[in-house]
Amino acid sequence: MRRIFAILLAFIALASLTALAENEVYKSGNYSYTLNPDGTAIITKYTSEESKISIPSVLDGHTVSGIGDDAFSSCTSLTDVQIP
């Protein structure tokens, strides 16, 4: 029984570490992003007071494949977003 419990704990610990690594947040200029398993980037946050921005197609060598739900929630001046 102890052996099964130890194996189960090891599995949970490994799964937790993997999940943390997948959710690592990277920063490039005014953009914060996470990486998908395929290496593409999802923009999770943008910080700037600009009113017009153009989303880059690549961040730090990673193709941008999406924008997170609340990526622009703190951008009160933003009126125009260009998406490639």
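Two strands count as paired here if DSSP finds at least two bridges between them. Keep that in mind for strand β6, residues 62-67, which runs parallel to β3 and is joined to it by 3 bridges. Please also remember that this is a predicted model.

**The whole chain**

Start with everything selected. The protein chain has 1 helix and 7 strands, and from the N terminus on its elements run α-β-β-β-β-β-β-β. Of its 84 residues, 21% are buried. The accessible surface is about 6100 Å², with 59% of that belonging to carbon and sulfur atoms. If you draw the contacts with a separation of 6 or more, 47% of them link residues 24 or more positions apart.

**The sheet**

Now colour the strands. In what order do the 5 strands of the open sheet lie? The order is β1-β2-β3-β6-β5, and the pairing is mixed. Select β1 (26-28) and β5 (58-59) to see the edges: each has a single partner strand, so one side of each is left without a neighbour in the sheet.

**From β1 into β2**

Stay on β1 and bring in β2. These two strands pair in the antiparallel sense over 3 bridges, and Y26 stands opposite Y33 in β2. They form a hairpin with 2 residues between the strands. Click on G29 in that turn, where phi is positive at about 60°.

**From β2 into β3**

Next, select β2 and β3 together. Their pairing is antiparallel as well, over 5 bridges.

- S32, which stands opposite K45 in β3.
- Y33, whose bridge partner in β3 is I43.
- T34, whose bridge partner in β3 is I42.

This hairpin has 5 residues between its strands, and G39 takes a positive phi near 90°. While I43 is still highlighted, look across to β6, where I67 stands opposite I43.

Zoom in on T34, which lies in strand β2. Is T34 buried or exposed? With a relative accessible area of 17%, T34 is buried, because the cut-off for buried is under 20%. Show what surrounds the residue: leaving out residues up to four places away in sequence, T34 touches N23, E24, V25, T40, A41, I42 and T44. Then widen the selection to all of β2, which is mostly covered, with 4 of its 5 residues buried.

As you step along a strand, watch the side chains: in a regular strand they alternate between the two faces of the sheet.

**The nonpolar core**

For the next selection, show the side chains of Y31, Y33, A41, I43, Y46, I53, I55, L59, V64, A71, C75 and L78. These 12 residues make up the largest nonpolar core. Both β2 (31-35) and β3 (41-46) supply at least two residues of this core. Which strand gives the most to this core? That is β3, with 3 residues.

**Last stop: L78**

Finish on L78, one of the core residues. Set aside its neighbours within four places in sequence, and L78 is in contact with E50, S51, K52, I53 and F72.

Notes. Residues are numbered from 1 along each chain as its sequence is written. This is a predicted model: local features need pLDDT of at least 70, side-chain atom pairs count only at pLDDT 80 or more; totals for chains, interfaces and linings use all residues. Side-chain values use heavy atoms; hydrogens and water are left out. A nonpolar core is a set of buried Ala, Val, Leu, Ile, Met, Phe, Trp, Tyr and Cys residues joined through side-chain atoms within 4.5 Å. Buried means under 20% relative accessible area, exposed over 50%, partly exposed in between (1.4 Å probe, protein chains only). Contact means heavy atoms within 4.5 Å. Accessible areas come from the Shrake-Rupley method with a 1.4 Å probe; for residues, only the protein chains shown count as cover.
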